[in-house]
Amino acid sequence: MGEVRVSNVSRRFTKDNDTSTLALDNVSMEVNDGEFVCFIGPSGCGKTTLLRIISGLDKPDKGEVYLDDRVIDAPGPDRGMVFQEYSLFPWKTVIENIIFGPQMSGIKKKEALEDAEKYLELVGLQQFRDSYPYELSGGMKQRVAIARALANEPSVLLMDEPFGALDAQTRNILQQELLEIWEKNNITILFVTHSVDEAVFLADKIVLMSARPGKIKEVIDVGLPRPRDRTSLEANTLRERILRSLVREQKK
Amino acid sequence: MVKKHLQKLSGKSVEIVSICSAIILWQLIAVYVVQNKFYLPSFTDVTFAFVDILSRDAKLDLLGLDYQLPVLLVDLIYSLMHFWIGMLSALAIGIPVGMIMGWFQTIDRIVDPLIEIIRPIPPLAWIPFAIIWIGLNPLAAGFLIFIGAVFPIIINTFTGFKNVSRVYVEAAKVLGCNTDRELIRYVALPYALPSIAAGIRIAMGVGWMCLVAAEMFGVSRNGLGYKIWHHYYLHNMEFVLVYMLLLGFLGLFIDRVLRYYIDGKLLKWRKGVVI
């Protein structure tokens, strides 16, 4: 199960000399098991902060986050995370990166290796099994990062603009692959992005956030049939609606 | 086979010409300009002295051992012993101290001022205390080498740990690696390894330089550094030069072996990064 409930979460960042910004202001929301939710909003709206709080890397000042009715207070293997920056351990080969999580939870290396092959195949990088990260392209690095996160068999996958640094073509391919992985594995995905196009293509639900203080402005049920067509009329209409809303938000 | 070696040599022709000309120049200056073996022994003097030393024997009298060995070998054994006493203790203390300082900020603030005060004191200034505290024995020589070697190791380990990117630590945390001990062992240490290795290389260089001084105040009757002093008293300057050159070549050799090992074995993941 991967049901995430955010309840009245606030987070304030204080700089050294008393200036503080309210990154999240009393945010509440729910994500159902198996749902694909995209967070979108102007930069500085706290979408990454919210994701980090759900991951346990950051703590809220007020409010709680629950995963299947258990309070989250620290990072854990039940929540995988893919970062925007390339986060593969450069001193480990692809396969060693993937088995890192399982090994940390005490699974024997031999067993972990057998499992890891499965995830390597899932992202289609079998022939790069023993390569080091410096030998991979950006897209391949993020594929491995996804495989590494999945190897812990999390119920929720948190993704913080994972394709932000990739070129448009690679980005489209990876979005497609991510959807296939999501459908095969039945997990909840929370995905932060600044690309409206990406959100409309991927999400069941799009959470539109407003900036300073970060609040949820609107939750949009996408409701487009899958597989989706990026250029269909419905997709375009929805894209326009979100873009307008974002522009209004940025002017404020 | 021979042809292959010759080809390899011809690729290094500039370097070979450079070394040969230096030797010829040295010989000419020594024989025709200086004309005094005491001020500048010539290349041939030094070569003969070297051959002479090779034929001499000495007694290895160490830890109850009693062997008759070539004198050079005995000197080498003593020097390497002094060197490794110092290096190993510098590694054993420097790496953990640097790690803890790099990881825990409070400890850094406690230890750093002390280190910054002690570090600029030249290792040789410790000689009197080395003698008083430890006495005239190989451990005292090791102590001086330790003083020279430990600071580069601490500082490079510290820097390596300080620079661990946050994203690797966070990635490890979300993958279930949570305690300080695990994070140090599985993330910070491998990440800092290139920096630590660079520190060890610097430390080896400094330690090797301290060796001569460490052997000069009479910690043993053998050792490459001791022999420089010994032959100076006898005014055998060509022998002094033999030992000087030996120290140079050995230092170079140690550095090369270390570099080969570090780049080839430890840091495969850092191709193209020169340390």
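A salt bridge is defined here as a side-chain nitrogen of Lys or Arg within 4 Å of a carboxyl oxygen of Asp or Glu. By this rule, Glu170(B) forms a salt bridge with Arg52(A), the closest N and O atoms being 2.7 Å apart. The structure is a predicted model, in which local features need pLDDT of at least 70 and side-chain atom pairs count only at pLDDT 80 or more, while totals for chains, interfaces and linings use all residues. Residues are numbered from 1 along each chain as its sequence is written, chains are lettered from A and ligands numbered from 1 in the order in which they are written, and side-chain values use heavy atoms, with hydrogens and water left out.

Two or more residues on the side of chain A that touches chain B come from each of α1 (47-55), β6 (79-82), α3 (100-104) and α5 (138-150) of chain A. Helices (H or I, at least four residues) and strands (E, at least two) are DSSP runs, numbered from the N terminus. The element α3(A) gives the most to this side, with three residues. By class, the side of chain A that touches chain B has 15 nonpolar, five polar and four charged residues. In this scheme Ala, Val, Leu, Ile, Met, Phe, Trp, Tyr, Cys and Pro count as nonpolar, Asp, Glu, Lys and Arg as charged, and the others, Gly among them, as polar.

In terms of contact (heavy atoms within 4.5 Å), 24 residues of chain A meet 20 residues of chain B. About 2000 Å² is buried between chain A and chain B, with 71% given by carbon and sulfur atoms; buried area is the accessible area (1.4 Å probe) that two parts lose on being put together, summed over both. Of the area that chain A buries against chain B, 32% is supplied by Trp91(A), Met104(A) and Tyr134(A), more than by any other three residues.

Chain B has eleven helices and two strands, in the sequence order α-α-α-β-β-α-α-α-α-α-α-α-α. Its C-alpha trace spans about 70 × 55 × 40 Å along its principal axes. An automatic or database domain assignment divides chain B into domain 1 (2-52) and domain 2 (56-270). Over C-alpha atoms, the centres of the two domains are separated by 32 Å. Between domain 1 and domain 2 of chain B about 920 Å² is buried, 77% of it on carbon and sulfur atoms. On the side of domain 1, Phe38(B), Phe50(B) and Asp52(B) lose the most area to domain 2, together 50% of what that side buries.

Two salt bridges are counted between the domains of chain B. Lys37(B) and Glu238(B) meet through their side chains in a salt bridge (3.5 Å, N to O). Helix α3 (residues 43-55) of chain B gives the most to the side of domain 1 that touches domain 2, with five residues. That side of domain 1 has six nonpolar, no polar and three charged residues.

For chain B, an unreviewed UniProt entry lists "transmembrane region" at residues 12-34, 81-104, 125-155, 196-219 and 240-262; such annotations may be inferred rather than shown by experiment. Residues 125-155 of chain B are 84% helix and 0% strand, with end C-alpha atoms 21 Å apart. Residues 196-219 of chain B are 88% helix and 0% strand, with end C-alpha atoms 31 Å apart.

For chain A, the unreviewed UniProt entry lists "domain: ABC transporter" at residues 4-236, a span that is 32% helix and 27% strand. Within chain A, the side chains of Asp25(A) and Lys215(A) meet in a salt bridge (3.6 Å, N to O). This pair links distant parts of the chain, 190 residues apart, with Asp25(A) in strand β2 (residues 20-31) and Lys215(A) in strand β10.

Most residues other than glycine have a negative phi, and most peptide bonds are trans. Glu153(A), which is not a glycine, has a positive phi of about 50 degrees and is found in the loop between α5 and β7 (156-160) of chain A. The peptide bond from Arg226(A) to Pro227(A) is cis, with omega near -5 degrees, and Pro227(A) is found in the loop between β10 (215-221) and α8 (233-251) of chain A.
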